[in-house]
Amino acid sequence: MAETTVDRAGAHRAESAPLLQMQQVTLRFGGVVALNEVSFEIHRGEILGLIGPNGAGKTTCFNALTGVYQPTSGQVVFDGQPLGRRKRYQINRLGIARTFQNIRLFQNMTARENVLVGADAHHRTGVLNALFRLPRHRREEAEGHRLADELLELMDLGHRGDDLARNLSYGEQRRLEIARALATKPKLLCLDEPAAGFNPVEKQRLMDLIRRVRDMGNTVLLIEHDMRLVMGVTDRIVVLEFGKKIADGRPEQIQNDPAVIAAYLGVEDDES
Ligand SMILES: Nc1ncnc2c1ncn2[C@@H]1O[C@H](COP(=O)(O)OP(=O)(O)O)[C@@H](O)[C@H]1O
Ligand SMILES: [Mg+2]
């Protein structure tokens, strides 16, 4: 009975059911409490920003919701299902895709092939079908290629499809990672500092692309260290500091939150 409304971004979302719920998630590494009873929700069709100073627990949060680490306590509920002890590939199949803080591409494959790897993960035909090139396999192959080219186009890489990943610029490689993650047709796309190492112009350009991805109906969780950058692109922001959630709200609320301002004061601006 999900009621569909149109939020200010024009995206449709089911008000009644969050896509993802972090419920009191705690994650310890020995003596380090990387996440301390963190709870928040991600709604369908929104861009949620996850921000906080270095070491705040942002990447750990990603790792907890993509199955890299199991929470010490608490749980993650995705699309109505507790993730439990599911493995990474199982969670990926449920519909969570991510990019990494450090680029992970197949450097000796073309840009298009890198995206096709993502699309292939989604196909149902097995090795036999592929061997005999049965109709369904051929159809999926054609669909895969079409999707790959659309995603390359979306990420401003339409002209780079035939180039090896290693010959792409740093910025192009980062965008290629997003295209590859989208090729799995995820319900939730998680981006871990996708603009790291970009200059301000490139950063703004990437934020515009991320908004375009959202406007197509995708749900995005965006980790970013630079608070100013996420202000313009996110629908809602969750702020972590020392593993604890210290704020959760609309960008304009976050911007004026004394706890957030204090967390960011005295932290040197390490973007450049
Ligand atoms: N695999 C790990 N083993 C031990 N400590 C870790 C591990 N991963 C993260 N941490 C610690 O957890 C805290 C949060 O790290 P992280 O999630 O990477 O922060 P952020 O992404 O916000 O910069 C840090 O103190 C970090 O050193
Ligand atoms: Mg990190």
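These legends describe close-up views of a predicted model.

**View 1**

Lys58, Thr60, Cys61, Phe62, Asn63, Ala64 and Leu65 are the buried residues of H1. Seven of the eight residues of H1 are buried, so the helix is largely enclosed by the rest of the structure. Just past the end of H1 comes Gly67, with a positive phi of about 85°.

**View 2. The six-stranded open sheet.**
The strand order is S8-S9-S10-S5-S11-S12, and the pairing is mixed. Strand S8 (96-98) and strand S12 (244-249) are the edge strands; each has a single partner strand, so one side of each is left without a neighbour in the sheet. On average, neighbouring strands of this sheet are turned by 20° against each other, direction ignored. Strands of a sheet pair through backbone hydrogen bonds, either parallel or antiparallel.

**View 3. Strand S11 between S5 and S12.**
Strand S5 (residues 47-51) and strand S11 (residues 236-241) run parallel and are joined by four bridges. Here Leu50 faces Val238 of S11 as its opposite residue. On the S12 side, five bridges join S11 to S12, and these strands run antiparallel. Val238 has Asp248 as its bridge partner in S12. S11 and S12 make a hairpin with two residues between them. In the turn, Phe242 has a positive phi of about 45°.

**View 4. The four-stranded open sheet.**
The strands follow the order S4-S3-S6-S7, with antiparallel pairing. S4 and strand S7 (81-82) lie at the edges, each with a single partner strand, so one side of each is left without a neighbour in the sheet. Strand S3 (residues 20-29) and strand S6 (residues 73-78) run antiparallel, joined by five bridges. Gln23 has Gln75 as its bridge partner in S6.

Helix H5 (residues 135-154) has 20 residues, which at 1.5 Å a residue should span 28 Å; its end C-alpha atoms are 28 Å apart, in agreement. Gly144, Ala148, Leu151 and Leu152 are its buried residues. Seen down the axis of H5, the buried residues fall within an arc of 95°, so they line one face of the helix. The face turned away from this buried side carries the exposed residues Pro135, Arg139, Ala142 and Arg146. After H5 comes Asp156, whose phi is positive, near 60°.

**View 5. Gly171 in helix H6.**
Gly171 is part of helix H6 (residues 170-182). It has 17 C-beta neighbours inside 10 Å, so it counts as partly exposed. Ala195 lies 24 residues from Gly171 along the chain, and their C-alpha atoms are separated by 8.2 Å.

Conventions. Residues are numbered from 1 along each chain as its sequence is written. Chains are lettered from A and ligands numbered from 1 in the order in which they are written. This is a predicted model: local features need pLDDT of at least 70, side-chain atom pairs count only at pLDDT 80 or more; totals for chains, interfaces and linings use all residues. Two strands pair if DSSP finds at least two bridges between them. Axes are lines fitted to C-alpha atoms, for helices over the stretch in contact, and angles run from 0 to 180 degrees between N-to-C directions. The expected span of a helix is 1.5 Å times one less than its number of residues. A residue is buried if 20 or more other C-beta atoms lie within 10 Å of its own, exposed if 12 or fewer, and partly exposed in between; C-beta atoms are placed from the backbone. The arc is that of the directions from the helix axis to the C-beta atoms.
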